[in-house]
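Please read them with the model open beside you.

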Amino acid sequence: MAGISASQSHKSSLTGSAFTKRKKKARVMELNITSLIDVLTILLIFLLKNYSSDPQLSTSKDIELPYTTSTERVKTAINISISKKWILLDNKPIIKTQSAIVGKYLDIPELRKVLGKKAMAEKLIAETWKKKGIEGKEFDGTVLLQADKNTPYKMIKKVMYTCGNTEYNNIMLTLVKDDNPHY
Amino acid sequence: MAFRPSTKLSSLGEEHPPNLMPIMNLFLVLIPMLITMTVLVKLSVMNLSLPSGGSSGEQSTEQEKPKELENLILILSQDKGLILLGYKEGIKSSNRYTIDKERNGIHIPFKDDKFNLYALEDYIKEIKEKYEIQQSISFACDEEIKYEDLIKAMDLCRRNGLSKLGLVEIATVFIE
């Protein structure tokens with residue numbers, strides 16, 4: 001009897017004021033996202049600091065570019081890369097670097113052919129745009145040249161000479177920006 | 001008569017955290033957008049003016065005599081080091097470089113098997129103090145010279161006010 005009376009008394013207490021208090025506390029718990037917001041704010045600041053609206057250039061894995069203190073921005077133009085293995089035009093391999101370097105002449109015929117076609121196409125586009133009265137980019141013969149830092153000057157000279165022969169006379173050397181000068 | 005705290009007061013004292021969900025949503029849109037535009041390695045360019053190319057495509061072997069030197073010409077030689085042609089008047093030899101009267105310039109020998117760019121910088125600063133020099137400089141290199149060495153020399157000249165950089169064929173420059 002004593003047991004029954006105890007349980008009954010407990011039940012009565014639940015139906016009483018204690019039960020209503022528990023019911024009040026049972027509400028939807030909100031997730032605390034303040035710490036997550038903190039992390040995202042730091043990330044946002046970091047990303048805004050490193051944000052760049054310059055055209056994105058992809059560099060081949062086996063190209064280690066030299067450093068410069070120049071602050072001139074990269075422009076949109078065709079991209080010639082001289083890696084340890086290949087000479088690439090807009091990331092498409094044209095000729096093996098070793099094959100290009102051994103030639104007697106300064107001109108690289110394989111590269112000249114492709115560059116010649118590119119120049120013709122670019123000129124044609126520029127003329128068509130001009131005829132239609134659309135303001136567009138004129139052909140200015142700009143080339144972005146990326147080369148590995150250990151590339152011999154002979155190779156650079158050959159590529160530049162070939163560019164010059166196909167009316168790409170405005171050569172821009174692509175380098176890694178560094179505020180500290182390298183000697 | 002026992003004291004019972006007011007329920008109104010307790011509800012007023014409750015903390016109401018700000019609704020951060022809209023900010024969260026904004027962040028989740030902004031962050032992926034910025035990640036795609038983030039550049040970790042910043043690239044820069046250096047403009048270069050080229051000599052007018054020949055149409056034959058053959059390498060020039062004929063030694064041409066130098067014209068009257070109007071600009072500075074820096075020769076990066078595999079054997080001799082740096083040779084800077086032009087502006088010899090009034091400049092005295094130092095322990096870092098020697099005046100080469102025959103070539104109308106100065107000779108900076110290697111230091112620890114590397115081009116002595118510190119000496120070159122000192123010399124450029126010295127001539128800049130004494131003369132009004134043009135902003136242009138041309139480079140002539142031996143074929144075996146590393147691209148990095150050429151860029152270092154170009155960058156040094158650009159930093160010291162010689163911003164118009166050009167390349168010339170070493171065969172067209174007077175050298176022993």
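1. The axes of helix α2 of chain A (residues 34–49) and helix α2 of chain B (residues 21–37) come within 10 Å and cross at roughly 30°. Axes here are lines fitted to C-alpha atoms, for helices over the stretch in contact, with angles running from 0 to 180 degrees between N-to-C directions. α2(A) passes α2(B) in a left-handed crossing, meaning that the near helix is turned anticlockwise from the far one by less than a right angle (clockwise would be right-handed).

2. On the α2(A) side, the residues in contact include Leu36(A), Leu40(A), Leu44(A) and Leu47(A); on the α2(B) side, Met24(B), Phe27(B) and Ile31(B) are among them. Contact means heavy atoms within 4.5 Å. By class, this helix pair has 14 nonpolar residues, one polar and no charged. Ala, Val, Leu, Ile, Met, Phe, Trp, Tyr, Cys and Pro count as nonpolar, Asp, Glu, Lys and Arg as charged, and the others, Gly among them, as polar.

3. A word on the basis: this is a predicted model, where local features need pLDDT of at least 70 and side-chain atom pairs count only at pLDDT 80 or more, while totals for chains, interfaces and linings use all residues. Residues are numbered from 1 along each chain as its sequence is written, chains are lettered from A and ligands numbered from 1 in the order written, and side-chain values use heavy atoms, with hydrogens and water left out.

4. Now the whole interface. Chain A brings 62 residues to the contact and chain B brings 51. About 5200 Å² is buried between the two chains, and carbon and sulfur atoms give 63% of that area; buried area is the accessible area (1.4 Å probe) that two parts lose on being put together, summed over both. Tyr153(A), Leu173(A) and Tyr183(A) supply 17% of what chain A buries against chain B, more than any other three residues.

5. Three salt bridges link chain A and chain B (a side-chain nitrogen of Lys or Arg within 4 Å of a carboxyl oxygen of Asp or Glu). Lys157(A) forms a salt bridge with Glu143(B), their closest N and O atoms being 3.4 Å apart. α2(A) gives eleven residues, the largest share of the side of chain A that touches chain B. That side has 32 nonpolar, 17 polar and 13 charged residues.

6. Within chain A, helices α4 (residues 109–131) and α5 (residues 153–165) pack at about 35°, with axes 9 Å apart. Their crossing is right-handed.

Note on methods: Helices (H or I, at least four residues) and strands (E, at least two) are DSSP runs, numbered from the N terminus.
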